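Reader: Could you walk me through this structure? I would like to take the topics one at a time.

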Amino acid sequence: MSRPLRIALTKGRLEKDTVGLFEQLGYDCTNVHEKGRRLILPIGDGSMEVVLAKANDVITYVEHGVCDLGVVGKDTILEMQGKFYELIDLGFGRCKFALAVKKGTDFYSGFGVKTIATKYPNVTRKFFESKGMDVDIVKIEGSVELAPLLELSDGIVDIVETGTTLKENGLEVYEDVCKISARLIANTVSMKLRQNEVETLISQIENYFAAQG
């Protein structure tokens, strides 16, 4: 007997939003609500199970086939890239990548090479390459807003939702990079071996979205 269809969920808000979607589709997610410290949890009639993981690990588990599907933000997909199918824009977790600078700064003035601080060097590099610009990229793990305040960088590329943190630190969005939302991804082999199960779930989601208008 094959194991349940396994779906890796990004822990936190995307997990809650995905579980909410599954419940709207009629799946019993009681085990997830009462998970305790468990990380692999059956849902519905047990023919599906969710695995709770960090965003980067969701992609790793799907790529290696230990999970058939995954729910992860487009930000992680763009940064990590990898070999998998991107199936559906789930519509929640909406935000954007943006270039932000100190308020009143004209970022594109001058001729020197700009320095950009970011948690997302691949996204940043691709964005500036599309403009034909060379930039120095400094990878920051924590509060990236500090970099321009400490004059480590000319600007930052980061995820922006409301812009409140930028504003409170004297920064502003200078240019949008791209929009972000949660996506359903699939392992390339699972799409062949478990095609009926995957397509059934996709149809359920698409029909639900269509009914919502």
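Author: One definition before we start: two strands count as paired if DSSP finds at least two bridges between them. This is a predicted model, and Leu 41 stands opposite Val 50 in β3.

Reader: Okay, and which strands pair there, in what sense, and over how many bridges?

Author: β2 and β3, the latter covering residues 48-53, pair in the antiparallel sense over four bridges. In that pairing Ile 40 has Val 51 of β3 as its bridge partner. The two strands form a hairpin with four residues between them, and Gly 44 in the turn has a positive phi of about 60°.

Reader: What is the order of strands in the open sheet?

Author: The order is β2-β3-β1-β4-β11-β5, which makes an open sheet of six strands with mixed pairing. At the edges stand β2 (40-43) and β5 (85-89), and each has a single partner strand, so one side of each is left without a neighbour in the sheet. Neighbouring strands of this sheet are turned by 30° against each other on average, with direction ignored.

Reader: And which helices pack on it?

Author: Helix α1, residues 13-24, packs on the sheet and touches β1 (5-10), β2, β3, β4 (69-73) and β11 (182-186), with a direction that makes about 140° with that of β1. Helix α9, residues 195-212, also packs on the sheet, where it touches β1, β3, β4, β5 and β11, and its direction makes about 25° with that of β5.

Reader: Back to β3: how does it run relative to β1?

Author: β1 and β3 run parallel and are joined by six bridges; within this pairing, Ile 7 stands opposite Val 50 in β3.

Reader: Why would you call β3 largely enclosed?

Author: Six of the six residues of β3 are buried, so the strand is largely enclosed by the rest of the structure. Both of its faces are covered, with Met 48, Val 50 and Leu 52 buried on one side and Glu 49, Val 51 and Ala 53 buried on the other.

Reader: What about β11, how many of its residues are buried?

Author: Five of the five residues of β11 are buried, so β11 too is largely enclosed by the rest of the structure. Ala 182, Leu 184 and Ala 186 point one way from the strand, whereas Arg 183 and Ile 185 point the other way, and all are buried.

Reader: Which residues stand opposite Arg 183?

Author: Val 72 has Arg 183 as its bridge partner in β11, and Asp 89 stands opposite Arg 183 as well. As for the strands themselves, β4 and β11 pair in the antiparallel sense over five bridges, while β5 and β11 run antiparallel and are joined by four bridges.

Reader: Switching topic to α5, which of its residues are buried?

Author: In helix α5, residues 121-129, the buried residues are Pro 121, Val 123, Thr 124, Phe 127 and Phe 128. Seen down the axis of α5, they fall within an arc of 160°, so they line one face of the helix. On the other side of α5, Lys 126 and Glu 129 are exposed.

Reader: What do the buried residues of α5 pack against?

Author: They pack against α4 (74-80) and against several strands, namely β6 (95-102), β7 (114-118), β8 (135-139), β9 (155-160) and β10 (171-180).

How values were computed. Residues numbered from 1 in each chain as written. Predicted model: local features only at pLDDT ≥ 70, side-chain atom pairs only at ≥ 80, totals over all residues. Heavy atoms only, no water. Axes fitted to C-alpha atoms, helices over the stretch in contact; angles between N-to-C directions. Contact = heavy atoms within 4.5 Å. Buried < 20%, exposed > 50% of the residue type's maximum accessible area, 1.4 Å probe, protein only. Arc of directions from axis to C-beta.
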